[in-house]
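Thank you all for coming. Please have a look at the structure on the screen, and then I will take you through a few parts of it, one after another.

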Amino acid sequence: MDKLLNELQQAAAERETRRHFLHTCSTGLGAMALSSILGGCGFFGKNEAQTNTVGAALPMGEPTAPHPSQYLPKAKRVIYIHMAGSPSQLELFDYKPELAKYNGKDCPQELLTGKKFAFIRGVPKMLGPQGKFAQYGQSGAWVSDYLPHLQGVVDDITFLKAMHTDQFNHAPAQLLMHTGSARLGRPSIGSWVTYGLGTENDNLPGYIVLASGGKQPDAGKSIWGSGFLPTVYQGVQCRTDGDPVLYASDPAGMDRNVRKQTIDAISQINQQQYEDVKDPEILTRIAQYELAFRMQMSVPDAMNIKSEPQYILDSYGVDPNKGSFARNCLLARRLVERGVRFVQLFDWGWDTHGTSADGAIEIGLKNKCKESDQAVAALLKDLKQRGLLDDTLVVWGGEFGRTPMQENRDGQVLPFMGRDHHLDAFTVWMAGGGVKRGFSYGETDDIGYYGVKDQVHVHDLQATILHLLGFDHTKLTYQFQGRPFRLTDVAGKIVKPVLA
């Protein structure tokens, strides 16, 4: 409570500065005199500096300027691919031949007692794996025939096969995966990364989001929001059809020179207001206006995949005239190539309950794999041949796993094969950026219900990602409401065995 009171008192004191008094409580002559004295200090107050919680000096007015991590990083940037809805690990990566023996039998009571499921009621039937598994690469990784292209790149991948989470509904599980908390209001992992490292390209946002599948994730835009961090660190969603960013282009009748003069005038007004009240959101406003002006030239170039050679388009399976997940994978490579720090791909449609053909393991899941498999494999190959995979971390996964039993609703068998949400076991994989290649970590039991060896919690994954980027996850913090907050809350440990 004392820390919270001190924080409030400090904020009040900053607002009651001498400059604020002269500006609001006098005739204005004092403010005019003061502004004439301070006029030569530079537009952004370059002689001042603020210090963030990780110890790096940030120039005032440039909150996304690049700055060093706490120690030498193995990864400089991240491409995080989230399959919203959560693909079934039992059909893709976690081979369980023992589960096939129980196919169609009643689920044992010990798997149900004391458990909470999103939809399962009564006693469901067990459901064996629907994919045909084989081992691939020198690593001998198990992958099903749902992912024929990924089979060819398994030796570049580390699989985390005993992931677990605390949430079994989509929105809170997605929030936990991406913000470290199941509740709204926390910064996303991409926001933490750009807060800690800044961006390498002044003309592009440090954190870009690309969505596909026709819908937003269940948790909405909050999973790429900045929470209590300044909004300059939130993800910028780019469209893959039409203008990449709405309202970034010049209005009709306004040329670029007039637009620049307008931006300069607005920024000067905002800077004067910042000098009065010291609200960091004003710096965000200044930075965003200026970034939007620069983006008018840089974003269309970055998003123009028609400049890519045909063999690259073919390797990803991209139609340059249509938005798609494959197109977003190619854009992710183009963006990290241009210095974007964190690129997040969200693809909706991976929720396979068996209530419809689109949500069926034997139909919908296969179709989603066909839409994405070639592009993901091509992305890894493309990054590798360009020398980018060594310092680009690629992460793939959903928000939780799927049950080894077939879903029922109110005790009724559904018309298609499907699995309910499962928080005790699922698979995430990583590639490049300082992780081992051709490696599998963690095991589940014979039917894929529990992790039995080398379990990894969501917070452990987050801690490991930050470690690879050069941060101690316990020290990348932000003071808010009287205490320091961090991505991993009060938990998380680095998964050291997967580090190269």
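Let me begin with a definition: helices (H or I, at least four residues) and strands (E, at least two) are runs assigned by DSSP, and they are numbered from the N terminus. Residues are numbered from 1 along each chain as its sequence is written, and side-chain values use heavy atoms, with hydrogens and water left out. What you see is a predicted model, in which local features need pLDDT of at least 70 and side-chain atom pairs count only at pLDDT 80 or more, while totals for chains, interfaces and linings use all residues.

I start with a loop. Between strand S9 (342-348) and helix H12 (364-385) we find Gly-354. Is Gly-354 buried or exposed? Its relative accessible area is 0%, so Gly-354 is buried, where buried means under 20% relative accessible area, exposed means over 50%, and partly exposed is in between, with a 1.4 Å probe and protein chains only. Not counting residues up to four places away in sequence, Gly-354 touches Gly-359, Ala-360, Leu-414, Pro-415, Phe-416, Met-417 and Gly-418, and contact here means heavy atoms within 4.5 Å. The C-alpha atoms of Gly-354 and Val-413 are separated by 9.4 Å, although these two residues are 59 residues apart along the chain.

Next come the strands, which pair if DSSP finds at least two bridges between them. Strand S10 (residues 392-397) is mostly covered, since six of its six residues are buried. Thr-392, Val-394 and Trp-396 point one way from S10, whereas Leu-393, Val-395 and Gly-397 point the other way. Strand S3 (residues 77-84) runs parallel to S10 and is joined to S10 by six bridges, and Arg-77 has Thr-392 as its bridge partner in S10. S10 also pairs with S15, here in the antiparallel sense and over three bridges, and the partner of Trp-396 in S15 is Trp-429.

Staying with strand S15 (residues 426-431), we find Ala-431 in this strand. Ala-431 counts as buried because its relative accessibility is 0%. Leaving aside neighbours within four places in sequence, Ala-431 is in contact with several residues, among them Thr-392, Leu-393 and Val-394. The C-alpha atoms of Ala-431 and Val-154 are separated by 9.2 Å, and the two residues are 277 residues apart along the chain.

Now for the cores. A nonpolar core is a set of buried Ala, Val, Leu, Ile, Met, Phe, Trp, Tyr and Cys residues joined through side-chain atoms within 4.5 Å. Which members of the largest nonpolar core touch the most other members? Of its 55 residues, they are Ile-79, Ile-81, Phe-93, Tyr-316 and Trp-429. Helix H12 gives the most to this core, with nine residues. A second, separate core has 46 residues, including Val-458 and Leu-466.

After H13 comes Gly-470, whose phi is positive, near 100°.
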